[in-house]
Structures are given as C-alpha cells and as structure tokens.
Amino acid sequence: MELILALGIGVLTGSGVWLLLRPRTFQVIIGLSLLSYAVNLFIFSTGGLRTGAVPVLERGTMGHLATYADPVPQALVLTAIVISFATTALFLVLLLAARGLTGTDHVDGREKDR
Amino acid sequence: MSGWMDHLTIAPIIIPLLAGALMMLIDERRRTLKAAIGLASALALLVLAILLLLLADGMPAGGGEAAVRVYRLGDWPALFGIVLVLDRLAALMLVLTAILGVAALMFSLARWQNAGAHFHSLFQFQLMGLNGAFLTGDLFNLFVFFEIMLAASYGLALHGSGLARVRVGLHYLVINLAASLLFLIGVSMIYGVAGTLSMADLASRIAVVANEDRALLEAGAAILGIAFLIKAGMWPLGFWLPNTYATVNAASAAIISILSKVGIYAVLRLWLLMFGEGGGASAGFGGVWLLAGGLLTIAFGSVAVLATQNMARLAGASVLVSSGTLLAAVGTGQVAVTGGALFYLTGSVLGIAGFFLLIELVERGRELGADVLAVTREAFGEDEEADEDDQVGVPIPATMAILGSSFIACAILLAGLPPLSGFLAKFAMLGPLLSPGGAGVSATTWALLAAFVLSGLATVVAMTRTGIDVFWASPAVTVPRVRVVELAPVMLLLAMCVALSVQAGPVMRYMEATARSMHAPHGYVGGVLPTPWPSRPQEGDVR
C-alpha cells in the first residue's frame with residue numbers, strides 16, 4: 001500500500017509541476033489541481049497507513065498507533081480540500097477574466113511572438 | 001475563562017468577521033452605510049488592539065504563567081482545542097494592522113470604494129485574516145488564517161479591475177497557491193515527525209525528537225519557511241512582489257503591504273520557538289540562510305530601487321529592502337538585534353503604507369502633463385474613473401507643499417536617515433553588533449553594516465531623483481485635486497512615524513521586552529501548555 005501511495009503522490013506531483021510550468025492558463029489550473037491532490041494524499045499519509053482501523057476511540061480504551069487511525073490528518077485533509085476548492089474556483093474566474101480582457105490564454109496575457 | 005476581559009483576545013477576529021458578513025447582505029448601492037460599518041469596525045479594532053497592547057505590556061518579560069494571554073476556544077484543555085495566544089509580538093502586530101486598516105479604509109472612501117463590488121467586505125475579511133494569523137497558536141490555524149488573508153487579498157488586488165490588474169493578479173494567485181501547497185507539505189511533515197501542530201507543544205518537543213527523524217523535521221521546517229519567505233519576498237522568491245504591489249490600487253496596496261511582514265512575523269515566531277534556545281540539537285537551524293538571504297534581498301532590493309522609473313514600483317522595491325533588512329537582522333539571532341528589528345518593522349510598515357497612499361495622490365497631479373506616464377498608465381490599466389463630482393471635492397490650499405513634505409518624510413523614513421525612526425531602528429540593530437563585549441567585530445556585522453548603509457544610499461538616490469522629477473522638473477504639473485479624507489490617512493501614518501521617533505525610548509523598551517520574551521520561549525510554552533504536563537514525551541517515543 002505504501003508503494004502505491006508513494007507512486008501516486010509522485011506521479012501527481014510530477015505531472016502537476018510540469019503543467020504548472022506550461023504557458024497556458026488552463027494547463028496551470030489543472031497543474032495546481034493535481035498538485036493539491038498530491039498534497040492532500042501526502043497529508044493523509046503522515047498519519048500512517050492502516051486498513052480497517054477506527055479514528056474514534058471507544059470509551060475506556062487507550063489509543064495506540066498500531067490499532068488506531070490518526071484523525072488529525074484526516075481533519076487537515078478535509079480543510080485543505082475545501083480551501084483548495086475555493087481558491088481553484090477563484091482562479092477559474094480570474095482565468096476567464098484574463099481570457100476575456102487579453103484575448104489569449106497565455107499566462108502573461110500576450111503571445112510570445114507578438 | 002470568565003469575565004468579558006478574557007474574551008477580548010478573540011474579538012479582533014470576531015469583529016471584522018461579523019462586520020464583513022453583515023456587509024455582504026447589504027445592497028451594494030448603500031455605500032454610506034457600508035462605509036460607516038467598515039469604519040466603525042476598523043476603529044473598534046484599533047481601540048481593541050491598543051487595549052490588548054497595554055495588557056500585553058503589563059506581562060512579565062521573563063516567563064512564567066502570566067507571560068502570555070491564552071484563549072482556549074470552547075475551554076478545551078491544551079492540545080485538544082484551538083488556542084489563541086496573545087503576547088507582546090502579537091499585540092504589536094495587531095496594533096499595526098489596525099492602524100493600517102483605519103488609514104487605508106479612510107483613503108478608500110474618497111474614490112476606491114466605488115471601483116467595484118464588495119470592497120468593504122473584502123477589506124474586513126483581510127483584517128480578520130491578518131489578526132487571526134497573528135493570534136493563532138497552532139500551525140494549521142495559521143494556514144487557515146493565511147488562506148483567509150490571501151483570499152481577501154486576491155479580491156483587493158483585483159479591485160478596480162483592468163487589464164494590468166488581472167494580468168498581475170493571475171501571477172499573484174498562482175504563486176500564492178503554490179506557496180500554500182508548500183505550506184501544507186511543511187506542516188504535515190512536521191506533524192508526521194513531532195506528532196503535534198500546537199506551536200508551544202512543538203517548541204517543547206523539538207529537543208527530544210529522535211536523531212534519525214531530526215533531518216525530516218528540519219526539512220519540513222525548511223519547506224514551511226520557504227512558504228513564509230515567498231510571502232516576505234526574500235530573494236529569489238520575491239520576484240513577483242514589486243510588480244504586484246505597484247499594480248494594486250493604492251488603498252488596497254497600503255493594507256496588502258503588511259502581508260510581506262506577516263511572512264516575517266511567521267518566520268520570527270516559529271524560528272525562535274522551534275530553533276531558539278530550546279531547540280536542542282536543532283538550535284539555530286537555518287539562521288545562516290536567513291542572514292544570507294536577507295543580505296541578498298537587500299542587494300536585490302537596492303538595485304531594484306535604483307533601476308525603477310515609476311514611483312509605485314519604487315515603493316514595491318522598498319518593501320523588498322525592508323524585508324531583507326528584517327530577515328538579515330533576525331538571522332543574526334541576537335536578542336538586542338531582534339529588538340531593533342521589531343522597531344524597524346513598525347516604522348517600515350507605517351512608512352511604506354503611507355508611501356503607497358501618497359503615490360496615488362502625487363501621480364494624480366501628473367496625469368495631465370506626464371511624460372513618463374505611459375508606464376504608469378499601463379500599470380494602472382483602464383482606470384475606472386469615478387464620477388466627476390466625486391473627484392472634485394474641496395481642493396486644499398498648499399496641496400503641493402503638503403504632498404512634497406510628506407514625500408520628503410517618506411524618503412527619510414525609507415532610507416533610514418536621521419531624525420526619523422528608520423535611522424533609529426538601523427542604529428538599534430547595528431549598535432549591539434558593533435559593541436560586543438570585548439570581542440572584535442565579526443565579518444557578518446561588517447556585511448550587515450555595509451548592506452544597511454548602501455541600501456539607504458540607494459534609496460536616497462532613487463527618492464531624490466523621483467522627487468526632483470515629480471515636484472520640481474515636471475513642466476506641466478497641475479495641482480492634484482486631493483480631498484481631506486485622502487490626505488488625512490497619509491498624514492496620520494507619517495505622524496505615527498514621527499511619534500515613534502519622538503517616543504523612541506518607551507517604544508524601544510517595549511520592543512526589547514518583546515525580543516527577550518521571544519528569545520525565551522519557555523514563557524510562551526508554559527503559558528499555553530498545562531503544567532506539569534502529565535506524560536512528557538520521552539526520547540524516541542515521539543513519532
């Protein structure tokens with residue numbers, strides 16, 4: 001499971017960074033989305049990977065990291081997802097505004113050869 | 001947790017939140033009402049911040065229980081709930097934010113509030129994010145408040161619209177989103193190693209982290225630091241800063257200019273907490289980088305100051321210089337220097353914000369007969385002119401004289417010449433370094449001294465050139481139509497700087513007490529964590 005997760009994070013990050021460096025705004029927004037997925041998975045993984053473990057303790061039991069899924073990274077991921085969703089939406093609006101004002105989808109608002 | 005005094009700590013977050021949310025519901029055409037609510041909230045924040053500053057000033061500087069005011073949300077015990085922590089540094093930053101808030105909001109009443117929708121709500125959320133970032137006691141809430149602050153700043157940066165703002169705003173947004181992702185990576189790495197997000201708990205655990213995990217923790221802290229340094233504009237991460245700040249409308253630029261200081265604040269707070277004297281084997285980690293980065297930023301900023309032809313970009317470049325100065329001073333890691341750096345921070349926040357506001361007033365006079373204005377006009381984009389009636393207002397006699405002397409005051413402040421606070425601050429930073437107890441002056445100190453003096457020289461040259469160009473050499477200067485409500489905030493900010501210079505003694509004592517408590521984090525840790533902590537993590541037990 002660790003290998004799959006690590007590969008997943010790696011592929012998402014690699015693709016995200018490559019797209020982020022591309023000159024078209026649409027590529028940039030997809031790149032940022034992929035990067036934020038990678039980061040969310042990364043945060044999730046910091047709590048340790050366990051199958052079938054509960055994040056909520058029963059009354060009277062002692063939480064031990066071998067049997068218990070850490071709830072904090074899960075809460076962090078949820079917050080991070082919401083925030084990245086909102087900022088991506090904002091970026092989308094800005095992207096459309098830039099497209100409308102400049103007539104091009106280049107990130108600098110003008111084509112290189114013009 | 002009883003009595004209304006205890007709840008004062010959270011009020012700087014609640015007040016702008018409610019005011020901003022309320023204004024979302026009010027029709028956009030009722031501008032007077034919105035302006036009244038916004039101004040009332042900003043003034044309430046100012047009063048509150050000063051009250052909190054006085055409370056913080058009464059705390060003992062050394063440490064112990066009363067060194068910080070801790071507000072536990074929902075009264076959960078430490079580490080289970082969210083905490084807000086008020087100490088001297090947080091109180092100082094709150095006051096600065098509130099002063100800028102009042103000034104920028106007042107300035108916007110003349111013109112900028114009409115240039116687009118929801119200006120007042122965005123402005124309140126900006127204040128909320130800033131206050132929250134200064135008050136929060138754990139890393140993840142720092143992230144959340146950073147995002148609130150940034151989201152509002154995207155809106156404010158785009159306020160007034162126009163081609164140039166959208167183009168620069170796009171870059172600003174992408175850079176900050178990428179920085180936020182780095183922030184998250186850093187936070188989660190630190191959590192993965194230390195198992196905590198509370199700053200106080202983190203500070204107490206750094207020393208007992210197992211040696212094989214230490215590299216991972218330091219890497220996490222370094223990535224987190226990069227996210228902060230992008231905000232602070234350290235070379236080479238600050239390439240976006242002058243351009244963005246120059247394009248943003250003046251009222252927003254004045255408040256957004258404190259965002260770079262939030263980056264500095266976060267570095268100062270976390271670095272001293274995590275890698276200060278209690279850092280164990282990690283103590284002092286990254287200090288050399290801060291120092292070197294700061295010096296390079298000063299160099300880059302000075303070149304940018306000299307090279308720029310446009311006043312707004314000049315202001316942006318001076319933000320870089322002041323960021324570099326602060327980072328280099330913090331990087332030396334000495335208590336006395338940190339005190340001077342905080343004094344410098346206060347003066348430079350006020351001075352730069354005043355300069356951003358002043359620029360717009362001066363530029364307005366040049367609009368008709370301007371020669372170099374092609375650049376500015378492009379930078380300002382398709383400026384949405386407000387109604388003619390709005391702009392005319394009552395012309396103030398001797399406008400040019402007032403603007404000119406304000407410009408000179410800004411130049412003296414930014415360049416760090418006597419008699420204003422910039423000089424005192426640089427002196428306070430260098431003084432302790434130049435007179436160490438018996439030992440010779442180190443090469444680092446000479447580098448700092450050279451950087452401070454040369455950056456001051458560069459600023460003087462650039463400001464003089466611009467001043468001559470604007471006030472004396474322009475052939476067809478029309479006296480700008482400036483309203484009292486626009487001039488008053490500039491005068492207010494500059495008057496604060498003068499007051500800072502006159503009252504340098506008491507202010508410096510406060511700053512030194514702040515620096516002492518920052519460099520002795522056990523007071524902060526002891527205030528937040530319950531004592532005695534039932535099961536101290538043992539060596540190797542920390543995940």
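## Backbone: cis peptide bonds and a positive phi

B:Pro236 lies in the loop between α8 and α9 (241-247) of chain B. In this predicted model, the peptide bond that joins B:Trp235 to B:Pro236 is cis, with omega near 0°. A cis bond also runs from B:Pro418 to B:Pro419, here with omega near 10°. B:Pro419 sits in the loop between α17 (399-415) and α18 (421-434) of chain B.

Most peptide bonds are trans, and most residues other than glycine have a negative phi. B:Asp75 has a positive phi, near 55°. This residue belongs to the loop between β1 (69-72) and β2 (83-86) of chain B. With a relative accessible area of 49%, B:Asp75 is partly exposed; the cut-off for exposed is over 50%.

Helix α3 of chain B covers residues 88-110, 23 residues in total. From its first C-alpha to its last the helix reaches 35 Å, close to the 33 Å expected at 1.5 Å a residue. Most of α3(B) is covered, since 21 of its 23 residues are buried.

B:Asp87 is placed in the loop between β2 and α3 of chain B. The relative accessible area of B:Asp87 is 5%, so this residue counts as buried. Its side chain is joined to that of B:Arg269 by a polar contact of 2.7 Å.

## Aromatic pairs

Over all chains, a search of the whole structure gives 14 aromatic pairs. One of them is formed by B:Phe146 and B:Phe228. A pair of aromatic rings is described by the distance of the centres and the angle of the planes. For B:Phe146 and B:Phe228 the centres are 5.7 Å apart and the planes make an angle of 50°, which is a tilted arrangement.

B:Phe146 is buried at a relative accessible area of 1%, and B:Phe228 is buried at 2%. Both belong to one aromatic cluster, made up of B:Phe140, B:Phe143, B:Phe146, B:Phe183 and B:Phe228.

## Salt bridges

Side chains of opposite charge can pair when their charged atoms come close. The search of the whole structure finds four salt bridges over all chains. Among them is the bridge between A:Arg24 and A:Asp105, whose closest N and O atoms are 2.8 Å apart. This pair links distant parts of chain A, 81 residues apart: A:Arg24 is in the loop between α1 (2-20) and α2 (25-46), and A:Asp105 is in the segment after α3 (71-102). A:Arg24 is partly exposed at 25% relative accessibility, and A:Asp105 is partly exposed at 29%.

In chain B, the side chains of B:Arg29 and B:Asp27 form a salt bridge with an N to O distance of 3.0 Å. B:Arg29 is exposed, with a relative accessible area of 72%, while B:Asp27 is partly exposed at 36% relative accessibility. A further bridge joins B:Asp201 and B:Arg205, at 3.3 Å from N to O. These two residues are four apart in helix α7 (residues 199-205) of chain B and are therefore separated by about one helical turn. An α-helix has 3.6 residues a turn, so residues three or four places apart point the same way. B:Asp201 is buried at 1% relative accessibility, and B:Arg205 is buried with a relative accessible area of 14%.

## Interface of chain A and chain B

Contacts between the two chains involve 31 residues of chain A and 26 residues of chain B. The size of an interface is often given as the accessible area lost when the parts come together. Between chain A and chain B about 2,500 Å² is buried, and carbon and sulfur atoms give 82% of this area. A:Leu76, A:Leu94 and A:Leu101 supply 20% of the area that chain A buries against chain B, more than any other three residues.

On the side of chain A that touches chain B, the elements giving two or more residues are α2 and α3 of chain A. The largest share of that side comes from α3(A), with 15 residues.

Terms used. Residues numbered from 1 in each chain as written. Chains lettered and ligands numbered in written order. Predicted model: local features only at pLDDT ≥ 70, side-chain atom pairs only at ≥ 80, totals over all residues. Heavy atoms only, no water. Phe/Tyr/Trp six-rings, centres within 6.5 Å; stacked < 30°, edge-to-face > 60°. Buried < 20%, exposed > 50% of the residue type's maximum accessible area, 1.4 Å probe, protein only. Expected span 1.5 Å × (residues − 1). Polar contact = N/O pair within 3.5 Å; in protein donor to acceptor, adjacent residues only side chain to side chain. Contact = heavy atoms within 4.5 Å. Buried area = accessible area lost by both parts, 1.4 Å probe.
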